[in-house]
Amino acid sequence: MSRISGLLGRVLAGPPRSARHKLHQVRFGRLIGSLLRLVELSDDASDKLGGEWILDRSYVASFVGRTLDRAREIVFDSAVLTGDHSAELHARLDGVRADLDRLMSTRSPRGDEGATAVPPESGENGAEREHVEEPEYQALRAAIRRLALTADPAPGSESSPTVPRLAEVVQEAHERALRSFEGLHFRSWGRRAGSTLVGSGFPAPVRVVDSGGGVAPAHRAWGSSVGWERVTSAPLRALLGPLVTSDRRRRSSASPEPGSFALAVLGAGRSTVALNWPTGALLVDARLEDHAVANFVYCALRTEPASGRRTRSRHGDRVLGRGKPVRRAEGLERVLAQSGFRRLDLGVGTTGWMSGQTPDDTRDVLGRMGRSLETLLLDPPSASRVPRRPLSRTPSGVWRR
Amino acid sequence: MSKDNLQILVLDDEPIVGKRLKTALEKNGHEVEVFEDSRLALRRLDERDFDVIVTDVRMEEVDGIQVLERVLERSARTKVIVITGYATVEVAREALAKGAFDFIAKPFKPDDLRQVIQKAAEALEG
């Protein structure tokens, strides 16, 4: 009877959970893709503003329209992930749109934008003269100020708390989506149904959910463990491979911090890894395929409790991350800086991504990230290595001493 | 006629385009006349010939394709360069099929246009 009930449980719990993870992975991937396009649009507009480009109102209108479309997609995907309507976010987005419509409906921007002096150029008599920036460029500057995700979107522009900014809406939508996605992972870890333990002596237990092609077919039976050699997902192998190879060295030096674990949703060329440890959480979403245009690495690092949920470990219940130092985030910060990650101010501790790299470069970046994960998972360094001053976060999201 | 002294007419209903192109092209020694109204531009074209016409496609009253046809009826040697903010393969194909010398999409840099005008000047000399 118990075997029948166990089989029934697997039939009922396994595939739907896997499908739900896959749906979340796809939806979260869409959200990240929209974020990427948002940044690209903003970069392109900033380039047009700074260079010698000849543009007209249609470009400004197109930039505004496409940017708001992407933002709308982000809010929509976030709402799907969180299971609510996010009416408040849509309303705030409408506010940004209304403000921009007012801006675009006039040839000259409102008085608060001011006239911006552009670099002087030679006049007919050879003398240097300044001219006032044309309305199209003023409008573009004002639009970038409202739509860019970076803290200082338009050099030379004055910040004003009264101007509705898209970044605030996107940050909120991203934050909600991230927490929802992480929450799904943590719940899955707690229940364990539908996931498979990877038995390879990682610093922390790693469970995987196969969303298709991430694990060798003969070893997809849920509830059993699978050897690392059977994991076929290219990005996960690149990310966690270094931890496997350094296993012997790690065992001789330090032990994993109790309560750490990772859960990965795997496809052949895609992996979404939620790594959790008592002082924080990291989500790494990556695609690693033959075509560079498809490749990306996204990561969101928290140095505070990701969900506040209790998680059961072999060391007993513990609340995730209460007052632990954040200094171990430095290792990952260094990797992001050295690897050329694009850093974004998205309201999460550290968010960054890179895209369009060759397969080798993507593999290399993931490998470097993987090596830095070891420092996140292992016990904190000894007192002699602890920095004298605690880290604090700058407005741009960088941790500094 | 010198490659450095072309007679150029710029037609775009967005003032910023004519303003910036006039400055950029005059720096290269060209003589530039700018129009925002296509009907006024056509009237000017009836009065005199130009070496190069730079025209937007989407305009009220008379669009860039009509300007192209009118120019080539009057002077087959004139090189017409079409610019547009609505760059599509279809528009480009239509303009080129009807005899446009080249096609450039907004937004663009003055250097992009200078290179096309340079090619036009070489074609005019040849």
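Let's start with how chain A folds back on itself: among its contacts between residues at least 6 apart in sequence, 70% join residues at least 24 apart. Keep in mind that what you're looking at is a predicted model. Chain A has 401 residues, and 41% of them count as buried. Its secondary structure comes to nine helices and 15 strands.

Now pick out one helix, α3 of chain A, which runs over residues 87-105. α3(A) has 19 residues and reaches 26 Å from its first C-alpha to its last, close to the 27 Å you'd expect at 1.5 Å a residue. Which residues of α3(A) are buried? They are A:L89, A:L93, A:V96 and A:L100. These four cover an arc of only 55° around the axis, so they sit on the same side of α3(A).

What does α3(A) pack against? One partner is helix α2 of chain A: the two helices meet at an angle of about 175°, with their axes 11 Å apart. Because of that angle, α2(A) is roughly antiparallel to α3(A). On the α3(A) side, the contact is made by A:L89, A:H90, A:L93, A:R97, A:L100 and A:M104. The α2(A) side brings A:V60, A:A61, A:V64, A:L68, A:A71, A:R72 and A:V75. Sorted by class, this contact has 10 nonpolar residues, one polar and two charged.

Follow α2(A), residues 57-82, to another neighbour, helix α4 of chain A, residues 135-147. Here the packing angle is about 10° and the axes are 9 Å apart. The two helices are therefore roughly parallel to each other. From α2(A), the contact uses A:R57, A:V60, A:F63, A:V64 and A:T67, while α4(A) supplies A:E136, A:A139, A:L140, A:A143 and A:L147. Seven of these contact residues are nonpolar, one is polar and two are charged.

Finally, step out to where the chains meet. How many residues of chain B are in contact with chain A? There are 11, and they touch 12 residues of chain A. On chain B's side, the largest share, four residues, comes from its helix α1, residues 15-27. That side divides into six nonpolar residues, one polar and four charged.

Definitions and conventions: Residues are numbered from 1 along each chain as its sequence is written. Chains are lettered from A and ligands numbered from 1 in the order in which they are written. This is a predicted model: local features need pLDDT of at least 70, side-chain atom pairs count only at pLDDT 80 or more; totals for chains, interfaces and linings use all residues. Axes are lines fitted to C-alpha atoms, for helices over the stretch in contact, and angles run from 0 to 180 degrees between N-to-C directions. Angles under 35 degrees count as roughly parallel, over 145 as roughly antiparallel, 65 to 115 as roughly perpendicular and the rest as oblique. Two residues are in contact if their C-beta atoms, placed from the backbone, lie within 7 Å. Ala, Val, Leu, Ile, Met, Phe, Trp, Tyr, Cys and Pro count as nonpolar, Asp, Glu, Lys and Arg as charged, and the others, Gly among them, as polar. The expected span of a helix is 1.5 Å times one less than its number of residues. A residue is buried if 20 or more other C-beta atoms lie within 10 Å of its own, exposed if 12 or fewer, and partly exposed in between; C-beta atoms are placed from the backbone. The arc is that of the directions from the helix axis to the C-beta atoms.
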